[in-house]
Amino acid sequence: MVTVLAATTGNVADLGKAIAFGVGVGLGAVGAGIGIGNIFGSMIQAVARQPELRGELTGIQWLGFALTEAVVFYALLGGLLAYVLV
Amino acid sequence: MNAFLLAASSEFKPQEEFDLPAWVPIHLGPLDMSINKAVVYLWVGAAVTILIGIWIMRFGLSLRPTRRQTTGEAIYELIQGQMVEGSLPSRAIGTWFPYVASLFLFIWILNIVGFIPLPISNDHFHLAGLELPTWGIYAATANLSVTLALALVTFFATHEEGIRHNGFRRYFGSWIPSGLPPFNAKTAILWGLIVFLEYVSQFMRLVSLSVRLFANMLAGHMLILVMIGLIFIIHSAPWRYLGLPGAFAVYFFELVIVVTIQAFVFALLSAIYIGGAIEPEH
């Protein structure tokens, strides 16, 4: 493995950009993962306490899910832009 | 280790799915109105949406509902109960329910069509002397121009309705949040900053609304393509099929959950924005 790394002779700038892109999107996914876990956890709690509110809560839950999930894609898009433009 | 080293980044290019060469070039002055893959997919989506609408609503309703009528009523109830009632004021429902409903159905069907393999693509193969397009997947909503156009309709509808219902001054005045200290020389900077942020946030809505749908569909397609593409990247026998179960899992996740949620959220947020403009909070 060490020899493979040491033997890297290709475009090191591209390598760095690829790593930065991956790490950036991964960090974005961490935040969204925590947020989505929170949303579904709260939903389970809410329905366990007041099952009759399930219908009303479902819409709000999916809205929150989509708003939170979109954060990953902002990271993805920013990463792609940086990857392409820099 | 050597078996894993990729050799074939030249023969596998997942980004080619999103290339849009013009099939029928149409140039009106500076406008490029060429027909390409995305346009054809939009036509397919529009045709299917219209046909579904006719199929559901144009054969009359009966007291003993058939399966067709139950489907229509379920869709109506979803849109009426989950999207429109909570976000639009009751006097605007008659005007804006059709918009929200067609937005939901159109985006939903565009997304679904995007995951069904169709013989609409840039590549061709030969079979018995005929040149046929290869089967591929592509979504019109994985194109920023399409989602931005849809978001722009909502954007203009929002402000048109806001001005029509509240008058020009009251509507733009309602963007200034209540609870600010009275305007004078000392608080001028604070005022400027907050009002600037409020105005910027109106444009950020446009960005977030379009980019959310676009990036979701783009990422879904890319993920499936890359997982299947491991076949071409890895060359040793058992490992190259490693991505296939993941590809199937992502495919069904997208087709069952993401497709519907993104259409739902786009329509719901449009309703919320329009409702918020018709009846500002203060």
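Me: In what order do the elements of chain B run from the N terminus on?
Reply: This is a predicted model, where local features need pLDDT of at least 70, side-chain atom pairs count only at pLDDT 80 or more, and totals for chains, interfaces and linings use all residues. Residues are numbered from 1 along each chain as its sequence is written, with chains lettered from A and ligands numbered from 1 in the order in which they are written. Helices (H or I, at least four residues) and strands (E, at least two) are DSSP runs, numbered from the N terminus, and chain B has 7 helices and 4 strands. From the N terminus on, the order is β-β-α-α-α-β-β-α-α-α-α.

Me: Is chain B a compact globule or more spread out?
Reply: The C-alpha atoms of chain B fill a box of roughly 75 × 60 × 45 Å along the principal axes. The radius of gyration is taken over C-alpha atoms, and the globule rule is 2.2 Å times the number of residues to the power 0.38. For 282 residues that rule gives 19 Å, while chain B comes to 24 Å, well over it, so chain B is more spread out than a compact globule.

Me: How do helix 1 and helix 3 of chain B lie to each other, and which way do they cross?
Reply: Helix 1 (residues 37–57) and helix 3 (residues 90–113) of chain B have axes 9 Å apart at an angle of about 125°; axes are lines fitted to C-alpha atoms, for helices over the stretch in contact, and angles run from 0 to 180 degrees between N-to-C directions. Angles under 35 degrees count as roughly parallel, over 145 as roughly antiparallel, 65 to 115 as roughly perpendicular and the rest as oblique. A crossing is left-handed if the near helix is turned anticlockwise from the far one by less than a right angle, and right-handed if clockwise. So helix 1 and helix 3 of chain B are oblique to each other, and their crossing is right-handed.

Me: What classes of residue make the contact of helix 2 with helix 3 in chain B?
Reply: The axes of helix 2 (residues 67–87) and helix 3 of chain B come within 10 Å and cross at roughly 110°, so the two are roughly perpendicular. Residues are in contact if their C-beta atoms, placed from the backbone, lie within 7 Å, and here B:Ile79, B:Met83 and B:Val84 of helix 2 meet partners including B:Phe97 and B:Phe104 of helix 3. Ala, Val, Leu, Ile, Met, Phe, Trp, Tyr, Cys and Pro count as nonpolar, Asp, Glu, Lys and Arg as charged, and the others, Gly among them, as polar. The contact has 8 nonpolar, no polar and no charged residues.

Me: Which residue takes a positive phi in the hairpin of strand 3 and strand 4 of chain B?
Reply: Strands pair if DSSP finds at least two bridges between them; strand 3 (residues 124–127) and strand 4 (residues 130–133) of chain B pair in the antiparallel sense over 4 bridges. B:Phe125 stands opposite B:Leu132, and B:Leu127 is opposite B:Leu130. The hairpin has 2 residues between the strands, and the one with a positive phi near 55° is B:Ala128.

Me: What is the side of chain A that touches chain B made of?
Reply: In chain A, 10 residues are in contact with 12 residues of chain B. That side of chain A divides into 9 nonpolar, 1 polar and no charged.

How values were computed: Contact = placed C-beta atoms within 7 Å.
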